[in-house]
Amino acid sequence: MFLFRRRPSNLPEPVSRYLDAPRPDPALPWRDAPYSVIDVETTGLNPRRDALLAVGMVDIDEGRIRMDRRWYTLVRPPDDAPVNPEAIRVHGLLPQDVEHAPPLDEVIPAVLQRLTGRVLVVHVADVDIGFLRQAMRRLYGVEPRGPAIDTARLAWHFQRHQRLIEGSGSEQEPALQLRALAESAGLPVFPEHNAFNDALTTAQLFLAQVSMFEAHGMPRLRDLLRAGGCLR
Amino acid sequence: MEEIVRFLLEHPPFSQLPLLQIQRIASAVQIEYFGQGVQILTQGGKPASFLYLIRRGSVDLLRERNGVVEVTDTLSVGECFGYVSLIQGKPPISTVRAREATLCYLIPAALFHQLRRDYPSFAQFFARSITDRLEQALQQRHATAAPELFQTRLRDLITEPLVTVSPDTPVREAARRMREAQASALIVDLPPYGLLDAGSGIVTDRDLRNRVVAEGLDYNTPIAQVMSAPAITVPADCLVFEGLLKMIEHGVHHLPLSDGGQIIGVVSYRDFLRLQSHNPLLMPQRLVRAHSDADLRAYTEQVTATVGGLLDAGARVSDIGRAVAAAHDALLVHIIRDAEAALGPPPCPYAWLVLGSEGRYEQTLRTDQDNALIYADNAPEGAEAYFEALAERVVEQLVRCGFPRCPGNVMATNPQWRQPRSVWQNYFRQWISVPNEEALLQTAIFFDLRPVYGTLDTEASLRPIILRARDNRVFLGRLARAALRQTAPINFFRQLVLERRGDQRGVIDLKYRGTAMIVDLARLFALEAGVPDTNTIARLRKSANHSSLSETSAEELIAAFELIGLLRLRWQYQQLRQGLEPSNQVEVDKLTPLERRELKEALRAVAVAQRAVAVTFQTSLIA
């Protein structure tokens, strides 16, 4: 159905390349698919009203997180969406920090270039993909595309699975916060609310979750998408 | 990023590099996560293309030689592997396998080689360890293995020739044969000769002295009249330690060894002494000569010291428990006999009961007393006063020997727990028919009773009532629910769930959230299967396949019980050595990676068994 949607003309090259790239084959063993993990910092939680302030990304190739392929950028918010004093307490970014950062129409093509042909991985898709979607719609009238995996959804998948096995009375409250999940998987936790650190924590959580599948044989990309897919 | 830099700064050889280089490494590493059991490198396989630095978890190095795979080393956080293969450009000389879920930082080969070129100290760090690090590790493991007691088979201790006589041999003739052969014991063999059977007896030096000379028997008396039969024997291939336990349990000094139904020789207490002259396990001996309080106190101290010796020697906790039970029982009997000597003979049959861990043969370090007294119904006038006085004396003496009074007052000095048989029977019936909180608490203590002294047949009086509880579904369900009150502290990622609050932070209680959970499960399964034993391992072993417990699950629980028990005991002993009060709260970071992994596996086995119990007994449905 994507093909029938009218695509705006005059898209920047990275954007059209992103939209045209073949999707990773779901039948691939999970390790053979390339992934990009993304996390954003924003002025608030509402993609329609709030602005992007920073983007952190890190790639996973052959099942390994590539620190040499990490990326972090601040984003200059539009003049009509100043940095909300409430959110400063969360991400610690001040107006002057982002004053000279590249604006959204420079950042988004760069993000899409990095995402081209890769599986997107996020923690809580509503926020991260929501902001990406809002920016892409506004700038180019296009939508982000899958495949994409939500580690919160994967966590929920495992927790539900565990509850099914255990019946009720499980001691664990379903907690889907990134930090709590990373800690319960025995992962090192980086200082939170920095887009790059959170992307890295998400990437490590993702690998830990995949290893849960590996206990039952090598999963394919399809298996991960079934359990944690979040975007068509 | 900063996190990786910080980690590198803490671990040699990276910590010796300039900060700029460390930042360079941090921005070049790749991060990989290996699930438990994943093979990271393969001996003789593809050469490594990274240096692996362990960030979380641990790995085993395995080496195959002549078809035998051996764990040569275990590496944990901050340690590296893969460098031998990287430096030589050859296939790995060891297989590396994740012991537990493990997170590694991978440093690309090119960067590793460049760092070795540029920083001699970095190069040296890896060069030095290549040579024979693996060999060293292997040798170390062998060197720390258990000493003689746990490696020698009983058959290797035989020094005396086997002397066998027929039952009608006159004692004088038998003594002559012993002198000729310089043997301290002889086997009296009934037809069919040469076969070990109920008629096979043993006569020792001591028997000749005590039963012949001291009694003034005619030297032509047939030897069969003074022999001990049937002789207590052990298989010749048992470990020396097991033989020692058997001797202690039965209070004998000679053990005939059997092999394929034949007695092939006799080992004596002296043979053990020769092997382990300093081993204090031969303690009940000392009791015979113990008269003063100080003697008794010294004896209990010695038992505690022995536990340490056994631990160091690699004994299983269950064996230690049995040895300690034998030693403490001997002490208890000694104390009760003293009391009887002072108070006069008991007015009616009675029995002294030990409860809880002592009742299960699972006491390792001295703990609070848990005891009770049962006496015959229709006791004569004054019996109650007699047993009160007896209980006071015994409990008091135990306190002097270092066994504190029970804070819950579960002791024979408490009139509630010093009752005639019919009252005890009613107690049990009441607990089973009205299984409220209080009753469940009592069953956890009193179902594990064991008589240590006395002539009243406790087992015949009480055990049938206990075992009849298996027909009471409500009671079983309640017991199951009580057994699940504590859940195994392990989560879905197989990580330990630690206390997070206050001074309990980072600790795990290896009793309440460890051994006690297995004890409770075993009590439940034993009841379900109608097994009368009190020992947890015996309960599990005997109720497998006769209850909802499968054989595999039983084996896993037994292994888990031994392991958690061992960790707990080692921890407590270490505290004792440091002059601290032993506690069950183990600080998890003080465990080695190996111990931590084993603990996780053990707790996982418990979690699996608990889930099965929850399903079988529908514990969530019982209000």
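In strand β1 of chain B, A:Ile65 has B:Ile31 as its bridge partner. Helices (H or I, at least four residues) and strands (E, at least two) are DSSP runs, numbered from the N terminus. The bridge belongs to an antiparallel pairing of strand β3 (residues 64–74) of chain A with β1(B), over two bridges. Two strands pair if DSSP finds at least two bridges between them. The model is predicted: local features need pLDDT of at least 70, side-chain atom pairs count only at pLDDT 80 or more, and totals for chains, interfaces and linings use all residues. Residues are numbered from 1 along each chain as its sequence is written, while chains are lettered from A and ligands numbered from 1 in the order in which they are written.

The contact between the chains takes 26 residues from chain A and 24 residues from chain B. Two residues are in contact if their C-beta atoms, placed from the backbone, lie within 7 Å. On the side of chain B that touches chain A, β1 (30–34), β3 (50–56), β8 (102–108) and α24 (593–616) each supply at least two residues. β1(B) gives the most, with four residues. This side of chain B holds 12 nonpolar, seven polar and five charged residues. Ala, Val, Leu, Ile, Met, Phe, Trp, Tyr, Cys and Pro count as nonpolar, Asp, Glu, Lys and Arg as charged, and the others, Gly among them, as polar.

In chain A, strand β1 (residues 35–42) is mostly covered, with eight of its eight residues buried. A residue is buried if 20 or more other C-beta atoms lie within 10 Å of its own, exposed if 12 or fewer, and partly exposed in between; C-beta atoms are placed from the backbone. Both faces of β1(A) are covered. One side carries A:Tyr35, A:Val37, A:Asp39 and A:Glu41, and the other A:Ser36, A:Ile38, A:Val40 and A:Thr42. β1(A) pairs with strand β2 (residues 52–61) of chain A in the antiparallel sense, over eight bridges. There, A:Ile38 stands opposite A:Met57. β1(A) also pairs with strand β4 (residues 119–122) of chain A, in the parallel sense, over three bridges. A:Val37 has A:Val121 as its bridge partner in β4(A).

Chain B contains an open sheet of four strands, in the order β17-β16-β15-β18, with mixed pairing. Its edge strands are β17 (418–420) and β18 (450–454), each pairing on one side only. Strand β16 (residues 371–375) of chain B runs parallel to β17(B), joined by three bridges. B:Tyr375 has B:Pro420 as its bridge partner in β17(B).
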